[in-house]
Amino acid sequence: MDKIAVVILNWNGIKLLEQFLPSVLQFSAEATIYVADNASTDASVNFVKENFPTVKIIQNNGNHGFAKGYNDALKEVNAEIYALVNSDIEVTENWLQPIIETFDTEKQTAIIQPKILDFKNKEYFEYAGAAGGFIDKYGFPFCRGRIFDTIEKDNGQYDDNIELFWASGACFFIRREVYNDLKGFDESFFAHQEEIDLCWRAANEGHIIKYNSKSVVYHVGGATLQQGNPKKTYLNFRNSLLMLVKNLPKKGLFFIIFFRMVLDGIAGIRFLTQGKFSHTFAILKAHFSFYCISLKYLRERKDFQIQQYYTVKSIVYLYYIKKLLVFKEIFNSNQNIKN
């Protein structure tokens, strides 16, 4: 069994592979490198075979999105640690060593995220993960270094190693045994929020999720599905509700879901006032889809859910009403964050 495997999920991403795969090969001597292809219709597979013969290729039988794409591919990967890396990630020298050391010395740590900076503006954090993720009472995720659309400059303020609630799927390290015990990502999600759901399920089982600032990567972000895409809006809103049904503590479950749906409605009205009608429709579609499958998720809930899953009651209130735009304004000290 390999110590660590870097697995890059690809779908019609030949240009991204051409640009970013060389850095992965250059700085990942400790790892076996895989490209897991989701039935691309471009020349991705042949490109990798011809130009990077040491890279192992896994060919999935369809475009199953992030969740099932990885679930299928990882059945063919035999390694102690999975490094799930987006195809638009540039890695840096020694990015793997701090991660491996943490897994070796901290046996309860199951999932790790590196520092994720913006490839296009390398002095700033990147939207999808930044310096690690948390969640509020109503299921809204936020990051150190990124709250909603406010992104911080990296001034070393998060050069630490702390416990998180969730790690970004853009560059996601997980122990193989934990991934298998949790049965991987929820394939109903297809893409978006599936890594938060997996981390929440891991936390419910007593596992620890951590951030390690000594490992640094740069992420393009939105290379496969742009931030303003209505499909992304649909998946984010639907999957957020599914995640809450699965993982919230029993006490207050229905009230929190109802309140979250009210907030979704407000978001839909806001899109309307901005003339973004397709996004309002995407939220309505997300809710109808949620209605159709929520009973199934209620029946499949686990017996135990951690009670203190959230770090703040409402990040929406703090950001939009109190105008607290960055993480340090909300947490003037680290008393609310586990070190």
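How many of the seven residues of strand E4 are buried? I began my notebook with that one. I found six of the seven buried, so strand E4 (residues 79-85) is mostly covered. A reminder to myself before going on: this is a predicted model.

**Entry: the neighbours of E4**

I looked next at what E4 pairs with. Strand E1 (residues 2-10) runs parallel to E4, and six bridges join the two.

**Entry: strand E14**

How many of the 12 residues of strand E14 are buried? I get 11, so strand E14 (residues 208-219) is largely enclosed by the rest of the structure.

I then went through the partners of E14. Strand E6 (residues 109-118) pairs with E14 in the parallel sense, over nine bridges. Strand E5 (residues 89-91) runs antiparallel to E14, with three bridges between them. Strand E12 (residues 163-164) is antiparallel to E14 too, joined by two bridges.

**Entry: cysteines**

How many disulfides does a search of the whole structure find? My search came back with zero. I wanted to know why, and took two cysteines in turn.

For cysteine 171, the closest cysteine sulfur is that of cysteine 199, 13 Å away, which is too far for a bond. A disulfide would need the two sulfur atoms within 2.5 Å. Cysteine 171 is also buried, at 0% relative accessibility.

For cysteine 199, the closest cysteine sulfur is in cysteine 143, at 11 Å, so again too far for a bond. Cysteine 199 is buried as well, with a relative accessible area of 0%.

**Entry: the second largest pocket**

I moved on to open space. Rolling a probe the size of a water molecule over the atoms shows where empty space is left. The second largest pocket holds about 500 Å³ of space. Its lining has 20 residues, and the closest to the pocket centre are Leu182, Arg201, Lys246, Glu300 and Lys302.

Which helices each supply at least two residues of this lining? I listed helix H6 (194-204), helix H7 (230-247) and helix H9 (277-299). Sorting the lining by class, I count 12 charged residues, four polar and four nonpolar.

**Entry: leucine 248**

Is leucine 248 buried or exposed? I found leucine 248 buried, with a relative accessible area of 0%. Leucine 248 sits in the loop between H7 and helix H8 (253-273). I also checked leucine 248 against arginine 144: the two are 104 residues apart along the chain, and their C-alpha atoms are separated by 23 Å.

**Entry: what the record says**

Last, I opened the UniProt record. This unreviewed entry lists residues 6-181 as "domain: Glycosyltransferase 2-like". In the model, the span of residues 6-181 is 26% helix and 32% strand. The C-alpha atoms at the ends of residues 6-181 lie 20 Å apart.

Key
Residues are numbered from 1 along each chain as its sequence is written. This is a predicted model: local features need pLDDT of at least 70, side-chain atom pairs count only at pLDDT 80 or more; totals for chains, interfaces and linings use all residues. Side-chain values use heavy atoms; hydrogens and water are left out. UniProt positions are given in the numbering used here, feature names are shortened, and annotations may be inferred rather than shown by experiment. Helices (H or I, at least four residues) and strands (E, at least two) are DSSP runs, numbered from the N terminus. On a 1 Å grid over the protein atoms alone, a cavity is a set of points where a 1.4 Å probe fits but cannot get out, and a pocket is an open set with protein on both sides within 12 Å along at least five of seven lines; lining residues have an atom within 4 Å of a point. Grid points are joined across faces, edges and corners, and a volume is the space filled by probe spheres set on the points. Ala, Val, Leu, Ile, Met, Phe, Trp, Tyr, Cys and Pro count as nonpolar, Asp, Glu, Lys and Arg as charged, and the others, Gly among them, as polar. Buried means under 20% relative accessible area, exposed over 50%, partly exposed in between (1.4 Å probe, protein chains only). Two strands pair if DSSP finds at least two bridges between them.
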